[in-house]
Structures are given as C-alpha cells and as structure tokens.
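Open your viewer and have the selection tool ready. The tour moves from stop to stop: select, look, move on.

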Amino acid sequence: MNNTMNASKYEISNSCACRYCESCSMGTESFTCDECLQDTRETTWCDGDCFEYKRDWFEEDVQRWLTAHNDPERVTIAGKHIGLQRLHGFKTINADHRDIFNALTFSGDWTLAVEVDGEQFKIVRYSHDEPTGATFWLVPDKSEDESE
C-alpha cells in the first residue's frame, strides 16, 4: 500500500440537492450561501451538475485508491446491513470506477456517503430499504497475486 491517499468525504445522491441564493444568483447545495452567508432556497429545476461533479470525484478517488493498492485487476466489494433484511455479502468485480459505481447503485432513490481515508475506502448507501445505511468497503482482490 502506498500511503499517498488524501482523505476525502462527500455524498452522492440521485435525488436533486440543488439550491439557489437570491442575493448572489449562485447555485449551491448548501442551506446557507458560501459567498454571502444568506439562506438559500430549493430550486424548481436541476441541471444535474452536482451529480456529475461528485461522480467525477468518485472516479478520481477510486483511481487514486487503485493506484495506491498497486492497480489490482479486480476488487471485492464487501458489505453489511444490505437491503431490508440487513444481509451481509461480497462481490468481486473488475477494478473499474464504472463497475464499482454500478455495483453500489440501483434504479431507485439512493444516497452514497463516500469516505476515503488512507487504506480504507468506505461507502454507506442509504435508501428506502436501507434507512440506517448499508456499509460497503473496497478490498483489493488478492487472488491474482496468489497465482504468480
């Protein structure tokens, strides 16, 4: 493990979080404007930018994490408290940010709380069936190392 990972923490949701500051005419996700500290209001429109740039953050964090773990070809996503029955399990997939993102999301309302800190890449997914959160960790797949 290469300890060059910067700590990172954010949420990605497929529900709109867009807000608007009347005073500054700025879009934001904050309840208080970062520029003028005035209260913001919900918007009646969503351009999807907040989702796109956070998905870019996710891609960059996955790539940095993979690089720090010697670029494994596959990763295991280990999870607990998954779904309504709060099951535990794991899935080994290609080490690609799109595959990882798709394995963590589904066609429903969800929010991913992403936390990357050193060696650990943790995601907590909140949804209708997971109101208290299902927790997932990325683990480099070691099976390719064992075959050498």
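Which residue forms a salt bridge with Asp96? Select Asp96 and look for Arg98. The closest N and O atoms of this salt bridge are 3.3 Å apart. Keep in mind that this is a predicted model.

**The sheet**

Next, select residues 19-21, which are strand 2. Together they make an open sheet of three strands, ordered 3-2-4, with antiparallel pairing. Zoom in on strands 2 and 3: three bridges join them in the antiparallel sense. Pick Cys21 and look across to Met26 in strand 3, which stands opposite.

Now select Glu22 and Arg41. Their side chains meet in a salt bridge, 2.4 Å from N to O. Glu22 sits in the loop between strand 2 and strand 3, while Arg41 belongs to strand 4. The two are 19 residues apart, so the pair links distant parts of the chain. Colour by accessibility: Glu22 is exposed at 52% relative accessible area, and Arg41 is partly exposed at 36%.

**The helix**

Move to helix 1, residues 49-68. Show the side chains of Glu52 and Arg55, which meet in a salt bridge at 2.9 Å, N to O. Why look for a partner at this spacing? Glu52 and Arg55 are three residues apart in the helix, which means a separation of about one helical turn. Both count as partly exposed: Glu52 at 37% relative accessibility, Arg55 at 33%.

To finish, display every salt bridge; the count comes to six.

Technical notes: Residues numbered from 1 in each chain as written. Predicted model: local features only at pLDDT ≥ 70, side-chain atom pairs only at ≥ 80, totals over all residues. Heavy atoms only, no water. Pairing = 2+ DSSP bridges. Helix = DSSP H or I, 4+ residues; strand = E, 2+ residues; numbered from the N terminus. Salt bridge = Lys/Arg side-chain N within 4 Å of Asp/Glu carboxyl O. Buried < 20%, exposed > 50% of the residue type's maximum accessible area, 1.4 Å probe, protein only.
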